[in-house]
Amino acid sequence: MSSLFSDVGSAQSQRDEKYVAQMIALDKILTDWTDKRLSNQDALFHADKVMENIVAIGTVDGDHARSVLQSRGIDDQRRLNLQRDYQALKQQMGQRVPQYGDTGSRNRFSRTACC
């Protein structure tokens, strides 16, 4: 029988892994879009779904998620680029461009941020 603490840690780890998986998906979508392998409409559809999934995940452990993302090739600069690409996509499609808080902060995981 597992303890409540290990269940909480396990749930947190699962959220972190889901977040990382969604970020990898967003990276692929936006890379395909910028490389013209996806139309604006298709890219927006898929990117919006990923963003909905990220919001649904809730709070992640910023240090752990950042470490796993970096091991998968998505560092803080790439995350910032993904945020800017997503905003550019929304703008090109004539949709409201989301604004995210504190984009210069190292610990944006606990703040309002896209990626």
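# A tour from aspartate 48

Select aspartate 48 first: it counts as buried because its relative accessibility is 19%, and buried means under 20%. Keep in mind that this is a predicted model.

**Around aspartate 48.** Colour by element and you will find aspartate 48 in helix α2. Show side chains. Which side chain does aspartate 48 meet in a polar contact of 3.2 Å? The partner is lysine 90. Now display the other neighbours. Setting aside residues within four places in sequence, aspartate 48 is in contact with Tyr86, Lys90 and Gln95.

**Zoom out.** Show the whole protein chain as a cartoon. There are four helices and zero strands. Read from the N terminus, the order is α-α-α-α. The chain has 115 residues, and 37% of them are buried. Then turn to contacts between residues at least 6 apart in sequence. Of these, 71% join residues at least 24 apart.

**Select the core.** The largest nonpolar core has 25 residues. Pick out Tyr19, Met23, Leu26, Leu30, Met51, Tyr86 and Leu89, the members with the most contacts inside this core. Two or more core residues come from each of α1 (4–34), α2 (40–57), α3 (62–71) and α4 (76–92). In soluble globular proteins, nonpolar side chains tend to be buried together.

**Centre on leucine 89.** What does leucine 89 touch, leaving aside its neighbours within four places in sequence? The list is Leu30, Trp33, Asn40, Ala43, Leu44 and Ala47. Leu30 is, like leucine 89, among the core members with the most contacts.

**Walk along α4.** Select 76–92, which is α4. This helix has 17 residues. From first C-alpha to last, α4 reaches 24 Å, close to the 24 Å expected at 1.5 Å a residue.

- Start: a side-chain oxygen of aspartate 75 comes to within 3.3 Å of the backbone nitrogen of glutamine 77.
- Buried residues: Arg78, Arg79, Leu80, Leu82, Gln83, Tyr86, Gln87, Leu89 and Lys90.
- Just after the helix: glycine 94 has a positive phi of about 70 degrees.

**Return to the start.** Select Tyr86 and Lys90 together. Both are among the buried residues of α4, and both are in contact with aspartate 48. Tyr86 also belongs to the core, while Lys90 makes the side-chain polar contact with aspartate 48.

Key: Residues are numbered from 1 along each chain as its sequence is written. This is a predicted model: local features need pLDDT of at least 70, side-chain atom pairs count only at pLDDT 80 or more; totals for chains, interfaces and linings use all residues. Side-chain values use heavy atoms; hydrogens and water are left out. Buried means under 20% relative accessible area, exposed over 50%, partly exposed in between (1.4 Å probe, protein chains only). Contact means heavy atoms within 4.5 Å. A nonpolar core is a set of buried Ala, Val, Leu, Ile, Met, Phe, Trp, Tyr and Cys residues joined through side-chain atoms within 4.5 Å. A polar contact is a pair of N or O atoms within 3.5 Å; within protein, one must be able to donate a hydrogen and the other to accept it, and residues adjacent in sequence count only if both atoms are side-chain atoms. The expected span of a helix is 1.5 Å times one less than its number of residues.
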